[in-house]
Amino acid sequence: MKTLLRWLLSLVALLALLLVGPVWLLVTNQVVTDVHWSSLDRTSTGIAPDPAAYSEAVVQVYSARAYNWRGAFGEHIWIATKAENADSYRLHQVLSWRQPTVVSSIDTPDRTWFGNAPTLLADYRGETAGQMIPKIEAAATDYPQADLYRVWPGPNSNSFIAWVIREVPGFEVTLPVTAIGKDYIFNGVFAPAPSGTGYQFSLGGMIGIMFALEEGLEINFLGLSVGFDVMRPALKLPGIGRLGMPARVSGSGD
């Protein structure tokens, strides 16, 4: 009985430590929770090349804090593509309020996500991007859980992004530690890391471990991950994200 009690107390203590970051973001009001979504900023941040002035194909991946309280825990990620000579971008993402959840539509690629500025995770240009685009579109169409959305531990919007990345050869993206759902692996427990530089093991996105040159070491417990990056020194914490050097922007863009 004492051994069981010690285990339970250890688990509670571990969970409390994992929740320190998200709770701190909430109590310090670093996440907006009291403003209606319709009044939050959704304008372009000027990161993506203007299609009127840039003819080459573009594939970019963006990440931003999720809307409302979810932003204390994780991020929302989307893929933006522009074919050669196209006059607009198409965004590929999963939206919880849509059925089916996969949405591929013409939209502003680098817009603020309900008040939260996006971060560029990957930037592929030219012939490389042009070859990726039809494969990205096919992977989005073949996504196996388009009718199911679970904010935790997945499958969710980040599970979709990780799925597409793994389905497209050469599409390598280092996803943030706060991208809850990225560790949800379909049809198995082992998979390549999204960066393509290592591997991960995961049980339903609840418990797992990842080791890769780009991501470093990440340990996932109950959907929340903690770890460290050696190549670009940084501590990775639940809710807070990276403390140290920023992750490398993958791709061929400048």
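**Entry 1: a charge over a ring**

I began with Arg42, whose charged end sits over the ring of Phe114, 4.4 Å from the ring centre. I keep in mind that this is a predicted model. Arg125 gave me another case: its charged end sits over the ring of Tyr54, 5.1 Å from the centre.

**Entry 2: rings that pair**

Phe114 made me curious about ring pairs. Which residues do ring pairs link into a cluster with Phe114? I found Trp37, Tyr62, Tyr67, Trp78 and Trp113 in that cluster.

How many aromatic pairs does the structure hold? I noted 13. A pair of aromatic rings is described by the distance of the centres and the angle of the planes. For Tyr124 and Phe171, I wrote down centres 5.9 Å apart and planes at 75 degrees, so this pair is edge-to-face. It links distant parts of the chain: Tyr124 belongs to strand β5 (residues 119-125), while Phe171 is in the loop between α3 and β6 (190-192), 47 residues apart. Both Tyr124 and Phe171 are buried.

I then looked up Trp163 and Phe186. Their ring centres are 5.7 Å apart and the planes are at 80 degrees, so I put this pair down as edge-to-face too. Trp163 is in helix α3 and Phe186 in the loop between α3 and β6, 23 residues apart, and I noted that the pair links distant parts of the chain. Trp163 is buried at a relative accessible area of 14%, and Phe186 is buried with a value of 14%.

**Entry 3: helix α3**

Why is α3 (residues 157-167) largely enclosed by the rest of the structure? Nine of its eleven residues are buried, so that is how I describe the helix. Among the buried ones I listed Phe160, Ile161, Trp163, Val164 and Ile165. What do the buried residues of α3 pack against? I found β2 (75-82), β3 (90-94), β4 (102-106) and α2 (126-141). At the start of the helix, I saw a side-chain oxygen of Asn156 that reaches to within 3.0 Å of the backbone nitrogen of Asn158.

**Entry 4: the nonpolar cores**

I moved on to the largest nonpolar core, which has 31 residues. Which of them touch the most other members? They are Val59, Val164 and Phe171. The elements giving two or more residues to this core are β1 (58-65), β2, β5, α2 and α3.

Leaving aside its neighbours within four places in sequence, its contacts include Ile79, Ala122, Tyr124, Met132, Ile136 and Phe171. I also noted a second, separate core of 13 residues, with Leu40, Val58, Ala64 and Trp113 among them.

**Entry 5: salt bridges**

Side chains of opposite charge can pair when their charged atoms come close. I counted seven salt bridges here. One of them joins Glu218 and Lys182, at 2.8 Å from N to O.

Lys236 lies in strand β11 (residues 234-237) and Glu218 in β9, so the pair ties together parts that are 18 residues apart in sequence. Lys236 is buried, as is Glu218.

Another salt bridge is formed by Arg248 with Glu214, with their closest N and O atoms 3.2 Å apart. Arg248 is in the segment after β12 (241-244) and Glu214 in the loop between β8 (207-212) and β9, 34 residues apart. Arg248 is partly exposed, at 35%, whereas Glu214 is buried, at 18%.

**Entry 6: Asp229**

My last stop was Asp229, in strand β10 (residues 224-229). Asp229 counts as buried, with 4% relative accessibility. Its side chain makes a polar contact with the side chain of Arg242 (3.3 Å). A polar atom of the Asp229 side chain also lies 3.2 Å from the backbone nitrogen of Arg232. Beyond its neighbours within four places in sequence, Asp229 is in contact with residues including Leu213, Glu214, Gly216 and Lys236.

Conventions
Residues are numbered from 1 along each chain as its sequence is written. This is a predicted model: local features need pLDDT of at least 70, side-chain atom pairs count only at pLDDT 80 or more; totals for chains, interfaces and linings use all residues. Side-chain values use heavy atoms; hydrogens and water are left out. Buried means under 20% relative accessible area, exposed over 50%, partly exposed in between (1.4 Å probe, protein chains only). Helices (H or I, at least four residues) and strands (E, at least two) are DSSP runs, numbered from the N terminus. Contact means heavy atoms within 4.5 Å. A polar contact is a pair of N or O atoms within 3.5 Å; within protein, one must be able to donate a hydrogen and the other to accept it, and residues adjacent in sequence count only if both atoms are side-chain atoms. Rings of Phe, Tyr and Trp (its six-membered ring) pair if their centres lie within 6.5 Å; planes under 30 degrees apart count as stacked, over 60 as edge-to-face and the rest as tilted. A charge sits over a ring if NZ of Lys or CZ of Arg is within 6 Å of the ring centre and within 35 degrees of the ring normal. A nonpolar core is a set of buried Ala, Val, Leu, Ile, Met, Phe, Trp, Tyr and Cys residues joined through side-chain atoms within 4.5 Å. A salt bridge is a side-chain nitrogen of Lys or Arg within 4 Å of a carboxyl oxygen of Asp or Glu.
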